[in-house]
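Please have the sequence and the 3D view ready.

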Amino acid sequence: MTADLPPETDLERRLAAMTLKEKVSLLTGADAWSLVEVPAAGLRSLRLSDGPAGPRGTSFGPDSEPSLLFPNTTSLAATWDVDAVREAGELMGARAREMGLHVLLAPTVNLHRSPLGGRHFECFSEDPLLTARMAAPFVEGVQSAGVAVCVKHFVGNDSETERMSYDARIDERTLREVYLQPFEAAVREAGAWTVMAAYNGVNGRTMTENTALLTGLLKEEWGFDGVVISDWTAARSTEEPALAGLDLAMPGPIGPWGDALVAAVEEGRVPQALIDDKVLRILRLAARTGALEGVDAVPAPPVPDDVRSRLRDLAVRGTVLLRNDGILPLSPVRRLALVGPNAARLAAQGGGSANVRPEHVVSPLEGLRRALGDDTEITVHPGVFPRAKLDPLTAANDPETGEPGVRLRYLAEDGSVHSEEHKDPALWWFPLILDDAVAELSVQAVLELGASGDHRLSVLGAGEFTLLVPGREPMACSLLVENPDIGELALNPPSHTFVLPASAGSLPVEIRCRPQRDFPYPVALLGLGYAEPRGDDAAEFAAAVEAARAADVAVVVVGSDEYAETESVDRTSLVLPGGQDELVRAVCEANPRTVVVVNAGAPWLMPWADEPAALLWSWFPGQEGGDAIADVLTGTEPGGRLPTTFPTAEADAPVLSTKPEKGVLDYAEGGVIGYRAYAQAGTEPLFPFGYGLSYTAWKHLEARASGRVVEVEVRNSGDRAGREVVQAYLIADDEPPRLVGFAAVQAGPGETVTARIELTERALSRWTDDGWTPLPGPHRLRLGRSAADLRLEAEL
């Protein structure tokens, strides 16, 4: 259900009521997350929000509004279930509407070109068809609530290294068949209302100034009638983006348009008609999202009372069972050892602009306690400590008021207090606006220490830091950054950890910071993290292994977190950090009844994959993740299949490097990425694209083809109900297999069902110099359970 648009003549009447200056003012954000209102046109302020893991609201960081945290985008794709993804979109739309938002900056439909990509977790898949099939229902789901999606990042933004400036060189066929396919589905099939122009360039033109792609392709060829929004600060000039087809430059109020664009129109360098078209598009968006007076909005759907159970179910449906010797589902357990750095502290989401502040996150410990009951004794040992940053400091009081939090003072050069304020406990505060008279920041707090030993207190930000404790020598560190990019600093700040020996009780501390000041904006970031005392690394490792040896079953939860997988930086290695591989091997040796759960949004190497009795991949499962993991471990069918290939070794990945050469990122591999590249090279991955086990067994019996429809009979040959995903790959002599369709079925034990796969005309076409051209038949298909397990053949 979507709002009925008013007649175009009504929008034109509203346009005519605006002055040129009012029109241009509408084309730059009023601030970071909203647009100006124009009363003369009956236009209320539009509010925008990240993101792909759930709506965050119109603030960033610890001040953001608590919201719903969904499983990460790759987890949603791992369901291979269009209805599940549509449900996720509907729930996000309902929550965004409840928060008073008009535009959700999601979905991210860039591809998993390299497993090292920093925002891999934020994207659906390595395959364009699967990504397109997931993106379209997500768009429909969100927009059914009267909230616009913003499909991003258009286009070629498939890695983070030098993301602001690199030029992606992509040949036309690859661009059309691979990287544009998800955007086209979101726009032409699902009717997306906004699209985000990326930071990078494509084939020599930065995307915010890429006339061929923004106007020629998106607006003219695809008929897109919505708003093209710049990625934040991606619009860097006045005339070029205005002429190319960019409609809205974010954020504001500072930007390249404003008075400069007014002058460009008045002097004839930018046609008035282009400005009017941009404003009409924003008015159309406002009408669709309920921000235009006199136009009825879509009735706001309520966030359902059972939303937590729905998020939990989505996480279960995306969980992938990679190995199982029969230990799962777990039978009643008397003693269970829960081991690993992600065991008590689940990594529920990735980092960067997609980050959401949930009201709670269910840990695996909480989930297993609920699932197994009081009769099971559970011990918890992290074993290793790979996290790059500490948890936020929360056990602190403001020395002035005694309230939980800290006292932040802005100091002049002579040490006098320029201003001060109370801050709630949080990992970091951004932005801190700095007056020219401010030379230093002072954070004073009374730490409430629950134990004696070596406490760890970390600082985050850019500048010179000093930790002051009464009666002790000052401790100092320097955290200056070479690249003064304030956005990257906010998303991935440097940190330093001080080790502070102290007894239990109250301890007053002060942190002084002389902020780095060579940024384009007069702002600073400052943050504090904390970890309580613990044993040394060797002792903690040994305690975890001994606990596993003494238990009936060991569950090891390893993986990454929001610092290892995040916006603004690509990973440099696929090796799990911080001794996690050694921990898994030691626990498996100590207890053969070991289940390993990998809690990560993107592939990591698993050189020990054949050692545990069972191996489960949970992704970043969102706020209900601990319960979802426990559900699968204790018997709920794991519904997921891999939407990306897992390599055995880094050298096996067909595309690994994300580093541009002299500013150019050459997509020289063409459209042969992921599983197609493995097939072309004859390399066997650790786990192939489309792979995933069930708690039952399946037989693929027969395939029948008629027209563009393939029907596949499958039988549940096991003793429990289950779900199977049947995948169809096109086999051609001149190229590796390519996914052209899939269908999921459910069946009870012994039941035979039919999976019906409908292939589109586009799936059986190629881009040529003459445009989209159907491939000559007959078409040979192979069908099965994954890209490496194709059991049947059919011919169209």
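What follows is a short report on salt bridges in this predicted model.

Side chains of opposite charge can pair when their charged atoms come close. Here, the count comes to 70 salt bridges.

| Pair | N to O distance |
|---|---|
| R310 and E87 | 3.9 Å |
| R119 and E122 | 2.9 Å |
| D631 and R312 | 2.7 Å |

Let's begin with R310 and E87, whose closest N and O atoms are 3.9 Å apart. R310 is partly exposed, because its relative accessibility is 29%. E87 has 16% relative accessibility, so it counts as buried, the cut-off for that label being under 20%.

Helix α12 also holds R312, which pairs with D631 of helix α18 (residues 625-633), so parts 319 residues apart in sequence are tied together. D631 counts as buried because its relative accessibility is 16%, while R312, at 29%, is partly exposed.

What about R119 and E122? Both residues are buried, and their salt bridge has its closest N and O atoms 2.9 Å apart. R119 and E122 also belong to a network of salt bridges, in which they are linked with D50, R56, K152, E160, R163 and E567.

Note on methods: Residues numbered from 1 in each chain as written. Predicted model: local features only at pLDDT ≥ 70, side-chain atom pairs only at ≥ 80, totals over all residues. Heavy atoms only, no water. Salt bridge = Lys/Arg side-chain N within 4 Å of Asp/Glu carboxyl O. Buried < 20%, exposed > 50% of the residue type's maximum accessible area, 1.4 Å probe, protein only. Helix = DSSP H or I, 4+ residues; strand = E, 2+ residues; numbered from the N terminus.
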